[in-house]
Amino acid sequence: MKLRIFTAISGLLFCLLFALPVAEACWHPGFSTRELWLYRIFPYDTPIDYNGDETQSNCQLWQQQTSSDIPLEHVKSAVYQYSYQQWKWVENYISGKSDIFTTDTVRKLMDNNAFVKYIVLKNDTEALNFLLLAKRVEETRAAMRDPWYYSADFDEEHATLREIVVQCQRYSSSRFATRYALQAMRTLFSLKQFDECVRYWESVEKKLSQDVLYGMAENYAGGAYLKKGNKDKARIEELE
């Protein structure tokens, strides 16, 4: 008898639980389950900004900005496949702060990749600083695309991106101006700061060289205009 009473009470409580309004921090009773996007349909570590033509053009631009003697495949490997940590090792090696492991690792990288060898032998810290910044953007955005990532304005990822925006805006040379502008646009868009994205773009667009990176940055501008409800301006950015 006690078992039957317990079962009946448990069943009643279970029904009442699902009949009550939900008031948890991660849920709002006004949403239906179809309105919740819990998973993404692409791997979170997949680059989503470059297509094949843009990759080729970007590598050719790197050749122009460094040395035309560097094979394109070496540029592509170093720029697209090397991690932030690998470029950090290169930085430590150039600055004389490397240990035995780092020294051995960087020397192997130099032996296998002419782009890395150029950066080290020419002491091209301007190019290296940009690559480090771009890799921070890349890896931070990849972490934010992780299906298990829970976005919060005060988290480490948002703080990193805000710091990167400031670094991009402080860059004053012409050599990598378009590269830094693209990273700034990409970062502001990731932060959903669409007003600032538009303001920044309108302040720099006429100063930038018309290359593949300009077109990519312009796409972010178009997206920001669209997010602000300016469909006509977004369409103009898309057509230009």
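**Ground rules.** I number residues from 1 along each chain as its sequence is written, and side-chain values use heavy atoms, with hydrogens and water left out. Because the model is predicted, local features need pLDDT of at least 70 and side-chain atom pairs count only at pLDDT 80 or more, while totals for chains, interfaces and linings use all residues.

**Entry: salt bridges.** I looked up how many salt bridges the structure holds. The count is eight. A salt bridge here is a side-chain nitrogen of Lys or Arg within 4 Å of a carboxyl oxygen of Asp or Glu.

I took Arg175 and Asp124 to begin with. Their side chains meet in a salt bridge, 2.7 Å from N to O. The pair links distant parts of the chain, 51 residues apart. Arg175 sits in the loop between α8 (156-170) and α9 (177-190). Asp124 sits in the loop between α6 (114-121) and α7 (125-144). Helices are DSSP runs (H or I, at least four residues), numbered from the N terminus.

Asp124 has 8%, so Asp124 counts as buried. The cut-offs are under 20% relative accessible area for buried, over 50% for exposed, and partly exposed in between (1.4 Å probe, protein chains only).

Next I checked Glu163 and Arg136. Their closest N and O atoms are 3.2 Å apart, in a salt bridge. Glu163 is in helix α8 and Arg136 in helix α7, 27 residues apart. Glu163 is partly exposed, at 40% relative accessible area.

Then I turned to Glu196 and Arg199. This salt bridge is 3.2 Å, N to O. Both residues lie in helix α10 (residues 194-204), three residues apart, about one turn of the helix. Glu196 is partly exposed, at 24% relative accessibility.

**Entry: α10 against α11.** How do α10 and helix α11 (residues 212-227) pack? The angle is about 135°, with axes 9 Å apart. Axes are lines fitted to C-alpha atoms over the stretch in contact, and angles run from 0 to 180 degrees between N-to-C directions. The two helices are therefore oblique to each other. Angles under 35 degrees count as roughly parallel, over 145 as roughly antiparallel, 65 to 115 as roughly perpendicular and the rest as oblique.

I listed contact residues (heavy atoms within 4.5 Å). Among them are Phe194 and Trp201 of α10, and Tyr214 and Lys227 of α11.
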